[in-house]
Structures are given as structure tokens and as C-alpha cells.
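I open the notebook on a new model. I will go through the fold, the sheet and the helix packing in turn.

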Amino acid sequence: MTDTGAMHPHDGWWDTLSAPVQDLIDELLCAGRMIAAIVLLRGDDGLRPRPALYEAQDLLAERRAELDRQGRLPPEPPPLTTEQLLEKAVAITAPVAAIEALWDGDTQGWFVELAAIVRRPGPNHDRFDAVTLTALRHGGDIRLFNGQVPPWPEARRATEQGRALAQHLGVPFHFTSPDTPDVDLPRWWNTQPT
């Protein structure tokens, strides 16, 4: 422990947890269920003081990295090819109006979602809806701190694949901010006349 009482991965916090809790956390992390693992870690009585939300996330990110070093995490599936994405887009029954790439994030960091915008009412617009085709991620936010990004390889891939899909379908491609992650950007449907 440091003088502030904060836990750090090298402090031996893992050893203070009971074996059943350790096993369950590992199981959750191997299944990609970081939020459930955070809830379990923060609720366990073995840690004093209880870690704050971001501290728990950092501790479990380090544990997940350890599981990865041990070869215990399942391999990430390969990204979908442009042909596979085209098959998914063509199978959509509603008329496709555009292909859109947009940033989103979770406890692991930023990723780019590639979606087909279709002509039907949706939860975010009265005339259009989004059908997710894939999510592209090439690592977590640690890349920000070690200078690996920008450029963002997931944004580059989303742009290449999105343009190819849009060209094949004869619709526009939209990506408001390929160079800078941001979730508060206008969507394609915001550019359309009412």
C-alpha cells in the first residue's frame, strides 16, 4: 500500500482474495466480463480498503494482462473481411441508406463500430436506424500512454472497409472523426434534411 492507501498491482492485493473469488474473477476476465469482475472485486470483503471504481478497473486490467501472459485468455477472433461484412450488409432487409463508422468505448478503451444505416425508425432517430456490422479494436487505451496512437489502426481499417461497402452498395460513407476518438459527434442522419 502507498501512503494514500491506494492499491497497486504489485502490492499483492490478489493474494488477499479467497481462492473461490480469485477463480470467479479469472473466469469473468477470461469471458471478457470486466464489469462483472469489477463488481465482484469491489464487493469482496477481503480487500481493505475497498478499491474505488477506476482503481478496481486498473487492478483487473493488470490481472487480465497476467492471464494473457499465461496464455489463459481465448484468442481474439480475426476481424471480419470486407466480403464477410458485405454479406452481412446485403442480408439486411431494410433499405441501406449509408455506411457509417463511429467511435465508442468501454472499460477496455476506444473502438470503432461499423454500421449500416437503414431506412426505418430506430431508437435514436424517427426515420433511420443503425445495424452494427462489426466493432474494430486494436488494443486498449494503454496505447495512448505509450505513444502508439494516433494514428488509430481501427479507424483506418473502418474507413477502408466502410468505403468499400458503401461503394458496392451505392450509398454514402460517413465517419465524422477518424483521427480523434469522440462519442459526441454528429451521426450521418444528422446531416440529412428533415
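This is a predicted model: local features need pLDDT of at least 70, side-chain atom pairs count only at pLDDT 80 or more; totals for chains, interfaces and linings use all residues.

**Entry 1: a cut-off, and one residue.** I then looked up Thr-134, which is found in strand β3. Is Thr-134 buried or exposed? Its relative accessibility is 11%, so Thr-134 counts as buried. I listed what Thr-134 touches, leaving out residues up to four places away in sequence. The list is Leu-80, Leu-85, Val-112, Glu-113 and Leu-114.

**Entry 2: the chain as a whole.** I counted 6 helices and 4 strands. Read from the N terminus, the elements run α-α-α-α-β-β-β-α-α-β. The chain has 194 residues, and 37% of them count as buried.

Entry 3: In what order do the strands of the open sheet stand? I read β3-β2-β1-β4, 4 strands with mixed pairing. The edges are β3 (128-136) and β4 (173-174). Each has a single partner strand, so one side of each is left without a neighbour in the sheet. As a reminder to myself, strands of a sheet pair through backbone hydrogen bonds, either parallel or antiparallel.

I took the pairs one by one.

- β2 (residues 109-119) and β3 run antiparallel and are joined by 8 bridges. Arg-119 has Phe-128 of β3 as its bridge partner. Val-118 stands opposite Asp-129 in β3.
- β1 and β2 are antiparallel too, over 10 bridges. Here Leu-102 is opposite Glu-113 of β2. Asp-106 has Gly-109 of β2 as its bridge partner.
- β1 and β4 pair in the parallel sense, over 2 bridges. Glu-100 stands opposite His-174 in β4.

How many of the 11 residues of β2 are buried? I found 9, so β2 is largely enclosed by the rest of the structure.

**Entry 4: helix α4.** I asked which residues of α4 are buried. They are Leu-85, Leu-86 and Ala-89. Viewed down the axis of α4, the buried residues fall within an arc of 100 degrees, so they line one face of the helix. Glu-83 and Glu-87 are exposed, on the face of α4 turned away from its buried side.

What covers the buried residues of α4? The cover includes β1, β2, β3 and α6 (153-169). Leu-85 of α4 is buried, and I had already noted Leu-85 among the residues that Thr-134 touches.

I went back to the edge strand: β3 has a single partner strand in the sheet. Helix α4 (residues 82-90) packs on the sheet and touches β1 (96-106), β2 and β3. The direction of α4 makes about 160 degrees with that of β3.

**Entry 5: helix α2.** I repeated the check on α2 (residues 34-43), where Met-34, Ala-37, Ile-38 and Leu-41 are buried. They cover an arc of only 100 degrees around the axis, which puts them on the same side of α2. On the other side, I found Ile-35 and Val-39 exposed. The buried residues of α2 pack against α1 and α3.

**Entry 6: α1 on α3.** At what angle do α1 and α3 pack? For α1 (residues 19-30) and α3 (residues 53-69) I have about 80 degrees, with the axes 10 Å apart. That makes α1 roughly perpendicular to α3. From α1, the contact is made by Ile-25, Asp-26, Leu-29 and Cys-30. From α3, it is made by Leu-60, Arg-63, Arg-64 and Leu-67. By class, I noted 5 nonpolar, no polar and 3 charged residues in the contact of α1 with α3.

Terms used. Residues are numbered from 1 along each chain as its sequence is written. Side-chain values use heavy atoms; hydrogens and water are left out. Two strands pair if DSSP finds at least two bridges between them. Contact means heavy atoms within 4.5 Å. Axes are lines fitted to C-alpha atoms, for helices over the stretch in contact, and angles run from 0 to 180 degrees between N-to-C directions. Angles under 35 degrees count as roughly parallel, over 145 as roughly antiparallel, 65 to 115 as roughly perpendicular and the rest as oblique. Ala, Val, Leu, Ile, Met, Phe, Trp, Tyr, Cys and Pro count as nonpolar, Asp, Glu, Lys and Arg as charged, and the others, Gly among them, as polar. Buried means under 20% relative accessible area, exposed over 50%, partly exposed in between (1.4 Å probe, protein chains only). The arc is that of the directions from the helix axis to the C-beta atoms.
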